[in-house]
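Here are my notes on this model, as numbered points. Please read them with the structure open.

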Amino acid sequence: MQSIAEVDLGTPASSSSEQIDLTIDGRAVRVPRGTSVLRAAALAGISVPKLCATDLIEAFGSCRLCLVQIEGMKGYPASCTTLVTAGMKVTTQNNRLAQLRRGVMELYISDHPLDCLTCPANGHCELQDMAGAVGLRAVRYGYSGANHLQAEKDESNPYFTFDPSKCIVCSRCVRACDEQQGTLALTIQGRGFDSKVAASQDDSFLDSECVSCGACVQACPTATLSEKSLIDSGQAEHSIVTTCGYCGVGCSFRAEMRGEQVVRMVPNKDGHANHGHSCVKGRFAIGYVNHPDRITRPMIRASITDHWREVSWKEAITHAASELKRIQAKYGRDSIGAITSSRCTNEETYLMQKLVRAGFGNNNVDTCARVCHSPTGYGLKNTLGESAGTQRFDSVMLSDVVMVIGANPTDGHPVFASQLKRRLRQGAKLIVVDPRRIDLVRTPHIEATYHLPLKPGTNVALINSLAHVIVTSGWVKEDFVRERCEIDSFEKWRRFVAEPRNSPEAMEAVTGVSAELVRGAARLYASAGNGAIYYGLGVTEHSQGSTMVMGIANLAMATANLGREGVGVNPLRGQNNVQGSCDMGSFPHEFPAYRHVSDATVRGQFERAWGRQLLAEPGLRIPNMFEAALDGEFKGLYIQGEDIAQSDPNTQHVTAALSAMDCIIVQDLFLNETAKFAHVFLPGSSFLEKDGTFTNAERRVSPVRKVMRAPAGYADWEITQLLSNELGLPMNYTHASEILDEIARLTPTFTGISFEKLDRLGSVQWPCNDEHPEGTPTMHEHTFVRGKGRFLITEYVPTSERVNVRYPLLLTTGRVLTQYNVGAQTRRTANVVWYDEDRLEIHPHDAEERGIGPDDWVGVQSRAGDTVLRAVITDRVQPGVVYTTFHFPDSGANVITTDNSDWATNCPEYKVTAVQVVRVSHPSEWQRRHRDFDLQQRALLEEKAPG
Ligand code: SF4
Ligand code: SF4
Ligand code: SF4
Ligand code: FES
């Protein structure tokens, strides 16, 4: 538990290594060059009054409250904009300074509503604090002159209010929006007395370009911008540092609490992934935790047409275990399996795979990473030797050229996007490879040097032609390649990519990208001092996902863009703990840390630790489980925190497989789409209700801390433990830290990680062991993890999913900022004001050809199925390409996606589906059936049978 407010040092830290000595109020102070006098004083424990300065944004020098006296300097300089110099002698307090500061405060206070007792900021208002600090006792100007006290409140944003009557026009909000968030939604309009804060063109916050990140709210020193939750609940009493449960950025937050109620989530300035910033999801969208849909009692039923029956934990666990045992006795050892969750903690995921391998006695465990980043694991392991990204997020601040491939960071990884935008505004160049014109291509003060709008499904053709230009132009960094890589593999690769068939000119017809653009982008990346690649699911979710990851690694090795800060190959992983769920051995062929189950030495270690003999053969992947279920061989599935009926491709195939099983155990917060096919429901816990760790996209292991009790009584790991004990595999952990200790004992990359170290350091990036006791920010520094880097041939093989006369358009999918994954959490928050249904983006040309107007209902038909969505007509997509999201179950985006998958990992080809789009006036047949089924299942839940 921590104190509520963090210390504000006034201006950002300087990164200089040179130290400067000065004296402040007679005290000797040593700080880095580039530090402001205000910060130097704060670091020495001397508090100088301030209003317009705060340490998350650059100093501006407008309020004149932080005046100091400096020997040898004329007048009274503002300490926030004055940098320290060697030997400087600063005085922060004397009568003249006090008089000047009181004068400034008088002016502010004479135009401020003095409703301090009822103001939501009472107790943490900097204006109030400063009035006290300068000793203000009276206001000579009175309160009767012209003022802003009647200015109207803007309540349009669901999470915060804007009350201009309290604004002191310090512009901290404007600068936070510009510098921290990079949206530039706010301005100061007018001059002098008339100046005021305006969102966009003086719109309401909701209608403006504001993306509701909350940086301005955090920056505001008054109650002008205030969280509504704070207004409703009053000030917090304590705070606990934990990690966001949404995306793979892994932002650190202080949950500010009153008892067990979250008053507000404040991004942690010490957070290594976010440095005090956040997005709308992590800061505001936590209302789902207390949503009435939350299921808080265990339930069972014999068949999915029966009413649910609420039962005790004992009965639910006994029933689930006896069903699993019965199925194994009847259908064999391999007839059951489990799916782990990338939203749960490392400790929970680890226990799930342990239960399967040692308790079920098979290796039938898989995870949702199967459907997102499994090709990253495969591709990077085979080229570089380690399955994870190579850098820390901060590394991007040293990049000269950034290539973003198949990722949309402003929506999917917003806090990283803000950091990237900051670097781009400083002058780094940007290449975007994406079929769609994502926001990064052109956004305030940023324009990509190259946007390569390739046709969906042609990534490998494009990466080969980029490599072709680099190789044939003599831009390979030969020294690096000779020293660090397998030279035979390089020579083979060089010959392959140099073949004329891989030239940009030859590939132009395939990719749809002009050779000139490809040549320009290749030159820019190859000539960068530091070139970094960031990529997302637009790379992996293809039939050649693994090939493309290898192609990216080849390109980075050939240009020496690995092994130091500013460069690298960086998968932007989607869910909060998808890296962790892979690290923890969720795949059917691997123990924790990606060690194959056939490795007798590794298997022996786990056998000794777990006291069970383990299988050397890999188990079933998720698609294999579905096939086996339809063949009548796979009958029982334990699913923790995943909604495969919504998230996995070809929904009708998935639901047929679920319907074919005897016992489905779902452990979750809500009756999700999958739970509608379940026989046992075990109410799970949210990220606020448990202890453990998450691992973000930069391999950073961060603490997750319980701030409130789980309404059903147990954290998810405790539920797994109950089931395991009932099945006869004893588990007796009393705290999640004991599970992490076991992971550390058995996992070489985690040996140095413990709850104690995480509490001390905040977070660490694995590998963390004797060699790297404080973690590893940059991978492959002197040598690749596999020794020499290996180039692999990346032959372009077109997907079998082709357009034809019947299905002439290519559908690709993605996500939006305000919704998350299957939407189970964000749909149950006020985020629906920004996005309340999945829509289909279609180019004006394709729309016109089909007589489709804005907001028309359109039928989208593929070889797998059809659904109906509303149309958005936009040239963000190119002609021939349509785009949608999959956040809402009723839109059924995955009814359309097919069974095609990556050749190496079975990762589904979500990003390429041939479709036809037509104007329609009623829902699809699938939607009608889905709605009926949904109504039936809700009724079976609401009218529960007596317990
Ligand atoms: S809204 Fe707050 S941060 Fe913005 S100018 Fe007004 S007082 Fe300053
Ligand atoms: S919430 Fe974020 S995006 Fe919106 S105005 Fe404030 S800083 Fe800008
Ligand atoms: S960027 Fe991701 S981790 Fe950070 S607050 Fe937003 S959703 Fe949470
Ligand atoms: S805090 Fe320095 S001028 Fe406002």
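1. D934 counts as buried, at 14% relative accessibility. Buried means under 20% relative accessible area, exposed over 50%, and partly exposed in between (1.4 Å probe, protein chains only). The side chain of D934 meets that of K676 in a salt bridge of 2.5 Å, N to O. K676 sits in the loop between β26 (663-668) and β27 (680-683), and D934 in helix α30 (residues 925-942), so the pair ties together parts 258 residues apart in sequence. K676 is buried too, with a relative accessible area of 3%. A salt bridge here is a side-chain nitrogen of Lys or Arg within 4 Å of a carboxyl oxygen of Asp or Glu. Helices (H or I, at least four residues) and strands (E, at least two) are DSSP runs, numbered from the N terminus.

2. A word on the basis. This is a predicted model: local features need pLDDT of at least 70, side-chain atom pairs count only at pLDDT 80 or more, and totals for chains, interfaces and linings use all residues. Residues are numbered from 1 along each chain as its sequence is written, chains are lettered from A and ligands numbered from 1 in the order in which they are written, and side-chain values use heavy atoms, with hydrogens and water left out.

3. How many salt bridges does the structure hold? The count is 55. Side chains of opposite charge can pair when their charged atoms come close. One of the bridges joins R863 and E801 at 3.4 Å, N to O. R863 lies in the loop between β33 (857-862) and β34 (866-873), and E801 in the loop between β30 (764-765) and β31, so this pair ties together parts 62 residues apart in sequence. E801 is buried, at 7% relative accessible area. R863 is partly exposed, at 41%.

4. R333 and D334 also form a salt bridge, at 3.0 Å, N to O. R333 is partly exposed, with a relative accessible area of 41%. D334 is partly exposed as well, at 37%. Elsewhere, a network of salt bridges links D836, E837, R839, D855 and R870.

5. What does D838 do without a salt bridge? D838 is buried, and the nearest side chain of opposite charge, R827, is 7.4 Å away. Lys and Arg count as positive, Asp and Glu as negative; His and the chain ends are not counted. D838 is in the loop between β31 (809-814) and β32 (839-842). The D838 side chain reaches the backbone nitrogen of H887 at 3.1 Å. A polar contact of 2.4 Å joins the side chains of D838 and S891. Such a contact is a pair of N or O atoms within 3.5 Å; within protein, one must be able to donate a hydrogen and the other to accept it, and residues adjacent in sequence count only if both atoms are side-chain atoms. Leaving out residues up to four places away in sequence, D838 touches residues including L869, R870, T884 and F888. Contact means heavy atoms within 4.5 Å.

6. N459 is in helix α13 (residues 459-472). At 8% relative accessibility, N459 is buried. The N459 side chain reaches the backbone oxygen of G538 at 2.7 Å. Beyond four places in sequence, N459 touches L454, G538, V539, H542 and M548.

7. Helix α24 (residues 651-659) has these buried residues: T651, H653, V654, T655, A657 and L658. Their cover includes α22 (622-630), α23 (644-647), β26, α29 (893-896) and α30.

8. Ligand 1 is surrounded by 13 residues, the closest being C167, C170, S171, C173 and C220. A residue is near a molecule if one of its heavy atoms lies within 4 Å of it. The shell around ligand 1 divides into nine nonpolar, three polar and one charged. Ala, Val, Leu, Ile, Met, Phe, Trp, Tyr, Cys and Pro count as nonpolar, Asp, Glu, Lys and Arg as charged, and the others, Gly among them, as polar.

9. The residues around ligand 2 include C177, C210, C213 and C216. Elements giving two or more residues to this shell are α4 (172-181) and α5 (215-219). The ligand 2 shell has nine nonpolar, three polar and no charged residues.

10. Around ligand 3 are residues including C244, C247, C251, C279 and K281. α7 (280-284) and α12 (414-425) each supply at least two residues of the ligand 3 shell. By class, that shell has nine nonpolar, two polar and one charged residues.
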